[in-house]
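Thanks for coming. I will go through the pockets, then the aromatic pairs. Please have the structure open.

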Amino acid sequence: MNLDNIAPLNPKVHNENTLIIALNHGRVNEMGTQELKAWEQLTELLEQGTIRTLITTSYKKSKKGTPIFIAGANVTERKGWSDNEVRAHVRWQRNTLQNLRRVPVFHICVVPGIALGWGTEFLLTADYRITTPQGSFGLPETSLGILPGAGGTSDLWQDIGIAHALRLGMTGERINSKEACSIGLCQEEFPTQEAAMDRALVLAQKVSQNSPTAVAAYKRALLASVGRGANLRQGLEAQAYEHCVHTGEAAIGRDHFGSKEPTPWGVFKPFSL
């Protein structure tokens, strides 16, 4: 696996099925042009289906020792940019995150600390979010004369509800890990980053035991069902199920049902809508 193009994201290969992104760049893992290019390259890699689980975390700390996940976008690099350049860049950000959201892998974010602005929006690309007691979340953009432009306005409300999304976006108020879990921004909290990573690796192992084709089809059909009517949702489910049948994965599953040996799943075949 060639990871040269995503080197700015500090990739770590855990095994042939799991890739860990251990963010460690800039002052506070701020996301700018270089990192966006790397996320684009990573998305292309993940579309190939070789990686089954992506875990994004960070071991960066501030000078005072505060853990940092992603503390925002790289606003400094935008000094001197024209309005058109800013608009184009933010559209690029939005598209990059939307494409990452749909990759055929189980994406877990392990958030050990500060996740502000772009950091909170980045969580929307994950299928599951695990945090620690030092997790801190918020959307400070309106205090800068802008608004959350990489999913914080368009998509965050689907995960945490309209009222909480309006509160975070309009007030800039920060919330802690417990509240993040209670409103659905995160799903689990563990006392340490090590324990959170252990949980993420347990989930990754469970994913690796299942059909890569079926797992990817499930994710794609489920995400495509959001906001659709009942008939369309059920139609997508039927298409995805029948894809598993057509590719032979259903037959492999039946033949090895109850076996104590690992199931020899077929080659990954993406489900296209």
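The largest pocket here has a volume of about 800 Å³; keep in mind that this is a predicted model. In total, 28 residues line the largest pocket, and those nearest its centre are Arg101, Leu124, Asp127, Leu223 and Val226. Three helices, H2 (83–101), H4 (156–160) and H8 (212–225), each supply at least two residues of that lining. H8 has the largest share, with six residues. By class, the lining of the largest pocket has 13 nonpolar, six polar and nine charged residues.

Next, the second largest pocket, which holds about 630 Å³ of space. It is lined by 26 residues, and Ala73, Val75, Arg78, Leu144 and Ile146 are the closest to its centre. H2 and H3 are the elements that give two or more residues to this lining. Which of them gives the most? H2 does, with three residues. The lining of the second largest pocket divides into 14 nonpolar, six polar and six charged residues.

Now the aromatic rings. Searching the whole structure gives four aromatic pairs. One of them is Phe69 with Phe122, a tilted pair at 6.2 Å centre to centre and 55 degrees between the planes. Phe69 lies in strand S4 (residues 68–70) and Phe122 in helix H3 (residues 118–122), so the pair ties together parts 53 residues apart in sequence. Both Phe69 and Phe122 are buried. Phe106 and Tyr128 also form a tilted pair, with ring centres 6.5 Å apart and planes at 40 degrees. Here Phe106 is in strand S5 (residues 106–111) and Tyr128 in strand S7 (residues 128–131), 22 residues apart. Finally, Trp39, Phe69, Trp118 and Phe122 form one aromatic cluster.

Key
Residues are numbered from 1 along each chain as its sequence is written. This is a predicted model: local features need pLDDT of at least 70, side-chain atom pairs count only at pLDDT 80 or more; totals for chains, interfaces and linings use all residues. Side-chain values use heavy atoms; hydrogens and water are left out. Rings of Phe, Tyr and Trp (its six-membered ring) pair if their centres lie within 6.5 Å; planes under 30 degrees apart count as stacked, over 60 as edge-to-face and the rest as tilted. Helices (H or I, at least four residues) and strands (E, at least two) are DSSP runs, numbered from the N terminus. Buried means under 20% relative accessible area, exposed over 50%, partly exposed in between (1.4 Å probe, protein chains only). On a 1 Å grid over the protein atoms alone, a cavity is a set of points where a 1.4 Å probe fits but cannot get out, and a pocket is an open set with protein on both sides within 12 Å along at least five of seven lines; lining residues have an atom within 4 Å of a point. Grid points are joined across faces, edges and corners, and a volume is the space filled by probe spheres set on the points. Ala, Val, Leu, Ile, Met, Phe, Trp, Tyr, Cys and Pro count as nonpolar, Asp, Glu, Lys and Arg as charged, and the others, Gly among them, as polar.
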